[in-house]
There are 2 protein chains.
Amino acid sequence: NSSGYGDHLEAVRLFADLGIRIVQVAYNTANSVACGCYETKDGGLTDFGRELIAEMNAVGVLVDLSHVGWKSTQDVVSWSKKPVAITHCAPAGLKNHPRNKTDEQLKLVADAGGFIGVTMFPAFLARGPKSGVEDYVEAIEYVINLIGEEQVGVGTDSTQGHDAEFFRWITHDKGCGRKLVDFGDVLELRDFERLGKFPNLTAAMEKRGWAARRIERVLGQNWISLLRQVWPA
Amino acid sequence: NSSGYGDHLEAVRLFADLGIRIVQVAYNTANSVACGCYETKDGGLTDFGRELIAEMNAVGVLVDLSHVGWKSTQDVVSWSKKPVAITHCAPAGLKNHPRNKTDEQLKLVADAGGFIGVTMFPAFLARGPKSGVEDYVEAIEYVINLIGEEQVGVGTDSTQGHDAEFFRWITHDKGCGRKLVDFGDVLELRDFERLGKFPNLTAAMEKRGWAARRIERVLGQNWISLLRQVWPA
């Protein structure tokens, strides 16, 4: 969340030097830069936000729109001089949810040279808590059918090892404000309960008939291509 | 500036206990709560902003709209359950400036039971750097003619003892961003170069023919009435 930069444009370079090279413009609600996807009224990218995006472009920090609202997303895509990403989202075409992205939103980012990371968070997938790796592969394929297979990757949004307090925090505005969403019992994706289960994902891709080229791209090559464009050499 | 609260609603009470009992909703530009008067597009009060204003009302912190934009001002006036204030502003009816307030804006706040503190910052007065105490009294009288003499007070905005770096900071977005305004050479109000010169102000009020009752109200009684309504006993 760019609110971590506070009121300091110079913090972009400092944090980048410390390793923070992917930052969301806003997280769920409003900050001084833009608005999140649960904000009642999205006022769009602010004047300060424009300067912050320019600095992120200049320093080489990937601009992430995952939890950002629609008006702010449009403003950022128009304004950013480097490709942007929705690093972790699921398609609203399969499950309607404020955190999921419509075909129009996914296409806007992709048409601007951007990247879509597909999340495996079960609440955002079509079958909800019953979802397994095969549902996740279906969601990735939905996005591929929309924007092609060269700008899509894995964006797990894994919450492995987090406790109830963590989920209380992320489901409230800035942790202390109004409740934004109720995920119910948060379950891991079936057959992908831990990050060590990546081989199950590969197997599900093969089972769905994906060519090796597509699997390699989605599992990593597309991410590398994106980061080569955005991060400094 | 409410951005000092960061993302912490609980900071309102903490800071109030430490003596911070007048806080601007926004300062010149956008923050996570609202937008300032130099922001290109004022998105209004955010969802978090509503919760913050409610907390300020509950704790007893005066909501200040001096550097706040028009849309945000309207939203805050509608939302706040306690009287709000523009603690330091001059009337746009005498000098057109983004920081000055139109008759409509002054009336909106007053009609809601709020308060107007009139600033003596020369750049905001009709005769600019040539202004003296008599111009300041004229500005106060303009506001009195608009909203009566019971909701108006002195809001010096004195910058006595500040250096060039201070003025560089306050004329740029969050100190580090774009330049917002150029005040030229900042001069003190003639005959009110220091806070010790209050007697000159009283004399100028008398010279203009103000009754003792009006002078007492403007010099302090109205402020006391306001703070009695807003601050806890």
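Visitor: Why is E150(B) called exposed?

Guide: The relative accessibility of E150(B) is 52%. Exposed means over 50% relative accessible area, buried means under 20%, and partly exposed lies in between (1.4 Å probe, protein chains only). E150(B), at 52%, therefore counts as exposed. Residues are numbered from 1 along each chain as its sequence is written, while chains are lettered from A and ligands numbered from 1 in the order in which they are written. The model is predicted: local features need pLDDT of at least 70, side-chain atom pairs count only at pLDDT 80 or more, and totals for chains, interfaces and linings use all residues; side-chain values use heavy atoms, with hydrogens and water left out.

Visitor: What makes E150(B) and R217(B) a salt bridge?

Guide: The closest N and O atoms of E150(B) and R217(B) are 3.4 Å apart. A salt bridge requires a side-chain nitrogen of Lys or Arg within 4 Å of a carboxyl oxygen of Asp or Glu. The pair meets that rule, and therefore E150(B) and R217(B) form a salt bridge. E150(B) lies in the loop between helix 5 and strand 5 (152–154) of chain B and R217(B) in helix 8 (residues 212–230) of chain B, so the pair ties together parts that are 67 residues apart in sequence. Helices (H or I, at least four residues) and strands (E, at least two) are DSSP runs, numbered from the N terminus.

Visitor: Is R217(B) buried or exposed, and why?

Guide: R217(B) is classed as buried because its relative accessible area is 15%.

Visitor: What is the salt bridge partner of R127(B), and what makes the pair qualify?

Guide: R127(B) is joined to D135(B), with a distance of 2.9 Å from N to O. R127(B) is partly exposed because its relative accessibility is 42%, whereas D135(B), at 8%, counts as buried. A further pair, R190(B) and D191(B), meets at 3.5 Å, N to O. R190(B) is partly exposed at 33%, and D191(B) is partly exposed at 30%. In chain A, a network of salt bridges links R127(A), E134(A), D135(A), R190(A) and D191(A). The count over all chains is 30 salt bridges.

Visitor: Why does S131(B) count as buried?

Guide: S131(B) counts as buried because its relative accessibility is 0%. S131(B) sits in the loop between strand 4 (115–118) and helix 5 (133–147) of chain B. Leaving aside residues up to four places away in sequence, S131(B) touches P122(B), L125(B), L189(B) and R190(B). Contact here means heavy atoms within 4.5 Å.

Visitor: How do you know that the buried residues of helix 7 of chain A line one face of the helix?

Guide: In helix 7 (residues 198–207) of chain A, the buried residues are L201(A), A204(A) and M205(A). Seen down the axis of helix 7 of chain A, these buried residues fall within an arc of 100 degrees, so they line one face. The arc is taken over the directions from the helix axis to the C-beta atoms. P199(A), E206(A) and K207(A) are exposed on the other side of helix 7 of chain A. The cover over its buried residues includes helix 5 (133–147), strand 5 (152–154) and helix 8 (212–230) of chain A. Just after helix 7 of chain A, G209(A) takes a positive phi of about 90 degrees.

Visitor: What is the area buried between chain A and chain B?

Guide: The area is about 1800 Å², and carbon and sulfur atoms give 51% of it. D7(A), D47(A) and K174(A) supply 30% of the area that chain A buries against chain B, more than any other three residues. Buried area is the accessible area (1.4 Å probe) that two parts lose on being put together, summed over both. The contact takes 24 residues from chain A and 23 residues from chain B.

Visitor: How many salt bridges does the rule find across the interface of chain A and chain B?

Guide: The rule finds two salt bridges across this interface. R178(A) forms one with D47(B), the closest N and O atoms being 2.7 Å apart. By class, the side of chain A that touches chain B has five nonpolar, nine polar and 10 charged residues. Nonpolar covers Ala, Val, Leu, Ile, Met, Phe, Trp, Tyr, Cys and Pro, charged covers Asp, Glu, Lys and Arg, and polar covers the others, Gly among them.
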